[in-house]
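Colleague: Please show me the model, and then I will ask about it piece by piece.

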Amino acid sequence: MAAAIILEGLTKYYGSTLGIEDLDLEVHEGEIFGFLGPNGAGKSTTISAILDFIRPTSGTATVLGLDSRRDVVAIHRLVGYLPGELAMYGRMTGRELLGYLASLRNVNAKAEIASLVARLDLDLDRKIHTYSSGNRQKLGLVQAFMHRPRLLILDEPTGGLDPIVQREFYSLLDEAKAEGRTVFLSSHILPEVERITDRAAIIRKGQLMVVAEINELKQQAQRRVEFTFAEPVEPEVFLSLSTVREVDVVARTVMVTFAGSVDPVLKLAARYEVETIVSHDGDLESAFLAYYHEGDGDAA
Amino acid sequence: MLHSVYGETIWSRRNSLALYVIGLGLLVGITVGVYPSVRQDSEAFAQLLESMPRGMLSFLGASDVSELLSPSGFINSRVNGSVGAVVLAILAISMGTAAIAGEEDRRTMDLLLSTPISRRRVVLERFAAMVTLVGVTAAAVALVMIVANPMVDLELSVANIVASNFELALLALVFGSFALAVGGLTGTRGLTIGIAAGVTVATFFINGLAQLVDWLEGPQKLTPFYWLQRSDPLGTGLSIEDTLIMVVVIAAFLAIAVWGFERRDISV
């Protein structure tokens with residue numbers, strides 16, 4: 001399989017402040033790749049370097065076989081980009097902005113725009129400064145998809161989208177993949193990346209912690225489930241399971257931290273009378289505590 | 001209009017352009033309109049002006065009273081050598097600032113540059129839009145002068161009116177391209193406006209004060225306002241030398257803007 005993005009030793013310092021350090025990464029053509037990390041980890045810095053908005057201190061980025069510095073215009077023709085901090089031309093209407101960007105791309109995207117706008121349910125005839133953040137995000141998605149790019153680079157794409165629109169967005173990603181196009185998306189939300197990507201990388205403090213198949217990551221990710229039992233339960237009950245890493249007991253509430261499938265934990269808990277269950281899935285920091293510890297022994 | 005960076009730049013200025021044209025048109029119209037009464041009472045005006053400090057004359061773009069009371073001198077004092085030049089420079093500076101630093105300040109530069117438009121092209125199209133709007137505004141000023149000229153017997157030659165406003169546009173573009181260069185180098189809107197406006201005001205005052213303060217005579221020669229004042233294109237026609245100087249300076253600032261913008265990180 002050809003490579004959509006190759007990063008080799010990509011490093012960016014802002015003065016003496018580290019942005020990203022020595023990133024090596026290969027994204028295959030035709031896959032949906034998740035770039036996962038907490039806020040401030042260097043996700044947007046990496047994307048900015050790939051698209052030549054900022055210049056790496058050292059290292060290279062190759063996009064669809066083209067050099068990110070030398071062939072920047074050719075790369076931008078093939079890429080659809082959704083900025084993370086989406087700012088827009090507020091005095092234009094949505095339609096005017098899409099027409100403007102389509103002109104700059106020298107493409108006729110009218111039919112594609114109409115279809116995307118209908119699917120995402122967006123009103124294009126209002127000034128952008130009157131849009132809600134959700135609508136601005138939809139507009140950002142439309143402009144990223146409208147020219148059917150070979151590579152989609154989406155920085156935190158689902159922020160501000162309601163669940164129904166999110167589902168529509170996921171199906172857009174599936175269609176892009178079915179057509180052999182590549183999606184590179186960043187996120188700080190683990191379940192989202194688990195749900196929609198094939199492979200993912202985890203970045204923290206500018207350094208790549210791991211690159212793996214999403215199923216593999218799911219196996220290793222730590223989750224937490226909180227049970228409240230009718231009667232107090234001894235922590236040793238759960239510690240007998242090999243996947244369980246930690247058990248905290250406060251009165252009748254037991255917090256179980258484990259890796260891999262929730263199934264054995266649940267079956268064990270079911271032997272007792274369970275009053276409530278709360279799942280703490282979404283917290284990336286705790287989910288990848290193991291990786292973070294490996295990194296520098298500091299679990300921020 | 002929203003088919004290119006050039007078109008978008010003009011589109012975004014469509015309302016303010018009308019204000020600039022109307023404002024400067026009124027300034028010229030009123031200036032020319034009151035000139036007949038100045039001419040009629042020229043002795044009284046001359047006495048009044050003689051009693052003023054010499055430095056004031058210089059700020060009005062003239063070196064002596066008789067020059068100030070001639071048609072070209074009077075119009076220079078009100079428009080091309082003073083207020084008009086500053087207003088047109090403000091238009092150019094505001095466009096030069098918005099071109100790069102303003103776009104970055106608004107955080108839309110990454111969206112714009114994610115299209116297949118090179119940084120160089122963004123700068124060049126924005127510069128072309130600035131030339132267009134400054135040119136249109138200066139042409140409107142020239143048109144008002146040409147129409148009013150026979151109505152109040154100014155006896156200015158049409159060629160000189162055109163030459164004067166052509167040089168006026170170049171003067172504004174010197175400051176506008178300076179702002180473009182600072183924006184290209186820094187990408188910071190506040191800094192760009194501050195430096196460009198500061199330099200414009202400083203050069204305006206250096207030129208004005210040089211008549212009073214000997215040691216400013218050297219620096220004065222570096223101010224664009226001086227270039228326009230010494231050749232008096234409205235009275236004597238186009239100065240090839242000053243035109244060339246301004247064109248070269250504008251081209252140099254444009255080159256710096258492209259170089260500065262191409263080499264650095266943008267704010268995203």
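Colleague: In what order do the four strands of the open sheet in chain A stand?

Modeller: Strands here are DSSP runs of E with at least two residues, helices are runs of H or I with at least four, and both are numbered from the N terminus. Two strands pair if DSSP finds at least two bridges between them. The pairing in this open sheet is antiparallel, and the order is β12-β13-β11-β14.

Colleague: What should I know about the model and its labels before going on?

Modeller: This is a predicted model, where local features need pLDDT of at least 70 and side-chain atom pairs count only at pLDDT 80 or more, while totals for chains, interfaces and linings use all residues. Residues are numbered from 1 along each chain as its sequence is written, and chains are lettered from A and ligands numbered from 1 in the order in which they are written.

Colleague: Which strands are the edges of the sheet, and by what angle are neighbours turned on average?

Modeller: An edge strand pairs on one side only, and here the edges are β12 (244-250) and β14 (274-280) of chain A. Angles between N-to-C directions run from 0 to 180 degrees, with axes as lines fitted to C-alpha atoms, for helices over the stretch in contact. With direction ignored, neighbouring strands of this sheet are turned on average by 15 degrees.

Colleague: Which residue of β13(A) stands opposite V225(A)?

Modeller: Strand β11 (residues 222-229) of chain A runs antiparallel to strand β13 (residues 253-259) of chain A, and seven bridges join them. Within β13(A), the residue opposite V225(A) is V256(A).

Colleague: Which residue in the turn between β1(A) and β2(A) has a positive phi?

Modeller: Strands β1 (residues 3-14) and β2 (residues 17-28) of chain A are antiparallel and share eight bridges. A3(A) stands opposite H28(A). The two strands form a hairpin with two residues between them, and the positive phi, about 65 degrees, belongs to G15(A).

Colleague: What is the bridge partner of T62(A) in β5(A)?

Modeller: β1(A) also pairs with strand β4 (residues 58-63) of chain A, antiparallel and over five bridges. β4(A) in turn is antiparallel to strand β5 (residues 66-67) of chain A, with two bridges. This is a hairpin in which L64(A) takes a positive phi near 50 degrees. The partner of T62(A) in β5(A) is D67(A).

Colleague: Is K205(A) buried, partly exposed or exposed?

Modeller: K205(A) is in the loop between β9 (199-204) and β10 (207-213) of chain A, and its phi is near 50 degrees, positive although the residue is not glycine. A residue is buried if 20 or more other C-beta atoms, placed from the backbone, lie within 10 Å of its own, exposed if 12 or fewer, and partly exposed in between. K205(A) has 18 other C-beta atoms within 10 Å, so K205(A) is partly exposed.

Colleague: And is D121(A) buried or exposed?

Modeller: D121(A) lies in the loop between α4 (110-120) and α5 (133-145) of chain A. D121(A) is not a glycine either, yet has a positive phi of about 60 degrees. There are 12 other C-beta atoms within 10 Å, so D121(A) is exposed.

Colleague: How far apart are the centres of the two domains of chain A?

Modeller: Domain bounds come from an automatic or database assignment. For chain A that assignment gives domain 1 (3-213) and domain 2 (221-296). Taken over C-alpha atoms, the separation of the two centres is 35 Å.

Colleague: In chain B, how many of the ten residues of helix α6 are buried?

Modeller: Helix α6 spans residues 71-80 of chain B and is mostly covered. Among its buried residues are F74(B), I75(B) and V79(B). The covering includes α2 (14-40) and α7 (83-105) of chain B. The count of buried residues is nine.

Colleague: At what angle do α9(B) and α15(B) cross?

Modeller: Helix α9 covers residues 119-151 and helix α15 residues 240-263 of chain B, and their axes come within 9 Å. The angle is roughly 145 degrees.

Colleague: How many residues does chain A give to the contact with chain B?

Modeller: Two residues are in contact if their C-beta atoms, placed from the backbone, lie within 7 Å. Chain B supplies 19 residues, and chain A supplies 22 residues.
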